Amino acid sequence: MRSSHRDSTAEMRARLFDLVRALNEIASSGAVVLVEGSRDEKALRAAGYLGPLIKVKPLGYRARSLGEKISTEYRKAVLLVDFDREGSKLARSISRELSFYGVEVDANFRESFFEAFYGEVREVEALRRLTEEGSESAGLKWI
């Protein structure tokens with residue numbers, strides 16, 4: 001349930017680390033995480049994500065090459081792209097392509113990730129500020 005006040009940075013940081021632990025568990029079972037770009041990767045790595053990761057934005061919308069590449073190494077992919085219009089479009093495109101190649105796509109983790117912050121954080125890269133010292137005043141990108 002959403003509280004009437006904004007959660008403290010410490011509470012949000014704890015939720016972030018819990019989610020990243022869960023993501024590490026999924027990755028240890030052979031899944032790859034897909035993010036949009038380098039800043040998203042840095043945010044997840046700073047939060048403790050250790051598993052395989054592919055940045056999809058540098059590939060553009062060439063989802064076919066992504067499907068071919070991922071299907072040769074992985075049977076499951078976790079989509080963790082931004083929760084905006086562009087991210088949603090990218091998620092649909094990649095989901096279709098990966099499914100065509102027989103890769104199981106976990107889009108539910110993306111929903112869980114952003115719901116954990118009550119929709120206040122819409123970009124993966126914004127989560128990096130939760131891992132930095134002094135983030136109380138860092139000014140998270142709220143919607």
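Two strands count as paired when DSSP finds at least two bridges between them. Keep that in mind for the tour, which takes place in a predicted model.

**Stop 1: the whole chain**

Start with everything shown as a cartoon. The protein holds 5 helices and 4 strands, and from the N terminus the elements run α-β-α-β-α-β-α-β-α. Of its 143 residues, 45% count as buried. Among contacts between residues at least 6 apart in sequence, 65% join residues at least 24 apart.

**Stop 2: the sheet**

Now select the strands. They form an open sheet of 4 strands in the order β2-β1-β3-β4, with parallel pairing. At the edges are β2 (53-55) and β4 (104-106), each of which pairs on one side only. Neighbouring strands are turned by 30 degrees against each other on average, direction ignored.

**Stop 3: strand β1 and its partners**

Zoom in on residues 31-35, which make up β1. With β2, β1 pairs in the parallel sense over 3 bridges. Select valine 35 and you can find its bridge partner in β2, lysine 55; for leucine 34 the partner in β2 is isoleucine 54. Turn to strand β3 (residues 76-79), and β1 pairs with β3 in the parallel sense too, over 4 bridges. Here valine 33 has valine 78 as its bridge partner.

Next, show the side chains of β1. Which residues point one way from β1, and which the other way? Ala31, Val33 and Val35 point one way, while Val32 and Leu34 point the other way. In a regular strand, side chains alternate between the two faces of the sheet.

**Stop 4**

**Stop 5: the cores**

Select Leu44, Leu80 and Phe113, the residues with the most contacts inside the largest nonpolar core, which has 23 residues. Elements that each supply at least two residues of this core include α1 (9-28), β1 (31-35) and α5 (108-115). The most comes from α1, with 7 residues.

What does leucine 44 touch, leaving aside residues up to four places away in sequence? Its contacts are Leu23, Val33, Val35, Tyr49, Leu53, Leu80, Phe113 and Val124. Apart from this core lies another, of 15 residues, among them Val32, Ile54, Leu66 and Ile94. In soluble globular proteins, nonpolar side chains tend to be buried together.

**Stop 6: helix α4 and what follows**

Move to helix α4 (residues 85-100), which has 16 residues. From its first C-alpha to its last, α4 reaches 23 Å, close to the 22 Å expected at 1.5 Å a residue. Colour its buried residues: Gly87, Leu90, Ala91, Ser93, Ile94, Ser95, Glu97 and Leu98. Just after α4, look for glycine 102, which takes a positive phi of about 85 degrees.

**Last stop: an aromatic pair**

The structure holds 1 aromatic pair. Select phenylalanine 100 and tyrosine 101 to see this edge-to-face pair, 5.2 Å centre to centre with 85 degrees between the planes. Tyrosine 101, at 22%, is partly exposed, because values under 20% are needed to count as buried.

Note on methods: Residues numbered from 1 in each chain as written. Predicted model: local features only at pLDDT ≥ 70, side-chain atom pairs only at ≥ 80, totals over all residues. Heavy atoms only, no water. Expected span 1.5 Å × (residues − 1). Buried < 20%, exposed > 50% of the residue type's maximum accessible area, 1.4 Å probe, protein only. Core = buried A, V, L, I, M, F, W, Y, C linked by side-chain atoms within 4.5 Å. Contact = heavy atoms within 4.5 Å. Axes fitted to C-alpha atoms, helices over the stretch in contact; angles between N-to-C directions. Phe/Tyr/Trp six-rings, centres within 6.5 Å; stacked < 30°, edge-to-face > 60°.
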